[in-house]
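Subject: Structure handover

Hi,

Here is the structure I promised to pass on. Have a look through it first, and then read my notes below.

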Amino acid sequence: MTLSLDHVQVAAPPDCEPASRAFYGELLGLAELEKPAVLAGRGGVWFALADGAALHVGVVGSGFSPAAQAHPALRAADQGALRALAAALERAGHPVRWDDPLPGVAARFFTDDPWGNRLELLC
């Protein structure tokens, strides 16, 4: 059996949509996807990733807690794009934490979304 990634979801508190669009859409440059009508009333926002995958920001109605260890890893095209993204995140108040590269990874860092969910960005 061969599996591929369809989507990854990060959790967010109610009324997260404006901050989702600002962070994932404007800052990270992800295109927003229209949610299916059957799910639109639940809140949250979906964004397109490469190769047909998606990143879903899902609303947690009560007891929201950010993911401090579990995280999606998003790949930039090259080191120039990754460094530009790191600079943009820093300017927007999202500190980056550079980490050691892994085999097959030229550079990588971690940052947090507006609700404290951990994100890894690499190239």
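A term to start with: a residue is called buried under 20% relative accessible area, exposed over 50% and partly exposed in between, using a 1.4 Å probe and protein chains only. Because its relative accessibility is 83%, Asp51 counts as exposed.

Before going further, please note that this is a predicted model, where local features need pLDDT of at least 70, side-chain atom pairs count only at pLDDT 80 or more, and totals for chains, interfaces and linings use all residues. Residues are numbered from 1 along each chain as its sequence is written, and side-chain values use heavy atoms, with hydrogens and water left out.

Loops

Asp51 also has a positive phi, about 60 degrees, although it is not a glycine. You'll find Asp51 in the loop between β3 and β4 (54–59); helices (H or I, at least four residues) and strands (E, at least two) are DSSP runs numbered from the N terminus. Gly52 sits in that β3–β4 loop and is exposed, with 66% relative accessibility. Gly52 is 46 residues from Asp6 in sequence, yet their C-alpha atoms are 7.2 Å apart in space.

Asp15 is another non-glycine residue with a positive phi, here about 65 degrees. Asp15 belongs to the loop between β1 (7–12) and α1, and at 69% relative accessibility it is exposed.

Aromatic rings

Rings of Phe, Tyr and Trp (its six-membered ring) pair if their centres lie within 6.5 Å; planes under 30 degrees apart are stacked, over 60 edge-to-face, and the rest tilted. That gives three aromatic pairs here. Phe23 and Tyr24 are edge-to-face, because their ring centres are 4.9 Å apart and their planes stand at 85 degrees. Tyr24 also pairs with Phe47, this time tilted, at 5.9 Å centre to centre and 35 degrees between the planes. This second pair links distant parts of the chain: Tyr24 is in helix α1 (residues 17–27) and Phe47 in strand β3 (residues 45–48), 23 residues apart. Phe23, Tyr24 and Phe47 make up one aromatic cluster. Phe23 and Tyr24 are both buried, and Phe47 is buried too.

Charges over rings

A charge sits over a ring if NZ of Lys or CZ of Arg is within 6 Å of the ring centre and within 35 degrees of the ring normal. Arg83 does this over the face of Trp98, 4.9 Å from the ring centre. Arg118 lies over the face of Phe110, at 3.9 Å from the ring centre.

Cysteines

How many disulfides are there, taking a disulfide as a pair of cysteine sulfur atoms within 2.5 Å? The count is zero. Cys16 is buried because its relative accessibility is 1%, and Cys123 is buried at 10%.

The largest pocket

Pockets are found on a 1 Å grid over the protein atoms alone: a pocket is an open set of points where a 1.4 Å probe fits, with protein on both sides within 12 Å along at least five of seven lines, and lining residues have an atom within 4 Å of a point. The volume is the space filled by probe spheres set on the points, which are joined across faces, edges and corners.

The largest pocket has a volume of about 360 Å³. It is lined by 15 residues, and Leu49, Ala50, Ala73, Leu74 and Arg75 are the closest to its centre. Strand β5 (residues 73–75) gives the largest share of the lining, three residues.

Best wishes

Note on methods. Disulfide = S-S within 2.5 Å.
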